[in-house]
Amino acid sequence: MALTVAQDITPAPPEDAMPHIRGARNDAFSFWKLPENWRATVSSMIESSEELAEHFLFERYLPEAQRRPPAGIGAYYRIKRLIPESLRHRAHSLAVRTRARQGFPNWPCESALIDFWREWLRTCLELVNTRQAWHIAFWPDAKRCCIVLTHDVESPIGLKRIDAMADMEERYGFRSAWNLPLAQFPIDWNHLAGLQARGFEFGAHGLSHDGRLFRSAADFRHLRPLLERAADEHRLTGFRAPSTLRRADWIARMAFDHDSSFSDTDPYEPQPGGTCSIFPFHLGRIIELPYTMPQDHTLINLLHRDPLQIWTLKAQWIAACGGMVLLLTHPDYSGSGCRLEQYDELLKRLADFEGAWRALPSEVAAWWRRRSAMQLWVDNDIPHIDAADTAGGVAVRLDSEALTLRR
Ligand SMILES: [Zn+2]
């Protein structure tokens, strides 16, 4: 879309720094969950690694003005309703394809952060003078990778199509999460309760797609409590910002358990960027679950590409790294006709991924918190995990870990 990017001089809300909670760190030692016996030896490396990791995770490689919604976005949303959808897609498509693309992060795969994790580990092993070691596996019960299906519902048409997609997912043994704008159109919560009973979950997709939530400090102060109250009323613990327009430090202090407003790499959103992460991480007190698969809307309407081909390629790459395949599709675009058939084929392929943990966003967030609180101790080459709750925690040899195997 044609947006004028101007400097936004809106000050941040009062509490300025990213809130940190105990044990919730993004340093490399916490990422790998290495033996606590090593901590003192590599302490200087641990400290510096967090700043480097967060350079990617909080999109700090972007100029500050690009880590927030573009200034012209408000004007766009005011006229959006007046433009027919097909014309809007054509205009977006043209704008996106002619926009000078930043070279970083690469799309659809960017390995900068996982290269850093691997390089850090290599240096760490040298420092403790060992070639082999234990760590706490990335996923519960040492599953090989993780698959999470999420959807944003954009309109009443999308809402009507939930059932067909959910039935399809269930047939392959998947459950998924559906994010809803809470004040944009009427929602039949009784109907959704039936889906909840079958194991699906729901999250908040803002109040509406008007680009206002993170536009200015005043908007945020006004809208945040309304959104949090609406989410709480329906016990929604997950969040994804409408159009993924976002501010990391503001999301970090919202009253949600987990967020999925960031991608690993997505140069095609109105606010382009990416965390380069195919694993969850800590965003203040929130667990961030970046979506790691290109969006259906991007592939179909903006790039005019065959989604199945790119989805398969990306999912295989993530699985080979032992990461999290987190899909974001919209029933509005993928919930009927040949698009639904393609989605069926994708589910079939994902269902064949061996040793994958199929999880809901809330389950992944709970796991990542639990894993973060675990401590690994190794005595005489016998690993032992120490924590109040060790459920799912398994110590595995680093040389059996997909992320260290992959070159
Ligand atoms: Zn949306």
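Student: What do the buried residues of H14 pack against?

Tutor: Helices (H or I, at least four residues) and strands (E, at least two) are DSSP runs, numbered from the N terminus. Buried means under 20% relative accessible area, with exposed over 50% and partly exposed in between (1.4 Å probe, protein chains only). Here the buried residues of H14 contact (heavy atoms within 4.5 Å) strand E2 (145-152), helix H7 (162-171), helix H12 (307-321), strand E9 (324-329) and helix H13 (331-334). Keep in mind that this is a predicted model, where local features need pLDDT of at least 70, side-chain atom pairs count only at pLDDT 80 or more, and totals for chains, interfaces and linings use all residues. Residues are numbered from 1 along each chain as its sequence is written, and side-chain values use heavy atoms, leaving out hydrogens and water.

Student: Which residues of H14 are buried?

Tutor: Look for Leu340, Gln342, Tyr343, Leu346, Leu347 and Leu350. They sit on the same side of H14, because their arc around the axis is only 155° (taken from the directions from the helix axis to the C-beta atoms).

Student: Okay, now the metal. Which residues coordinate the zinc ion?

Tutor: Donors are N, O and S atoms within 2.8 Å of the metal (3.2 Å for Na, K and Ca); water is not among the atoms, so sites may look incomplete. For this zinc ion they're Glu154 (OE), Glu154 (OE), His205 (NE2) and His209 (NE2), at 2.1 to 2.5 Å. Along the sequence, the donor residues follow the spacing E-x50-H-x3-H.

Student: Are histidine 205 and histidine 209 buried or exposed?

Tutor: Histidine 205 and histidine 209 are both buried.
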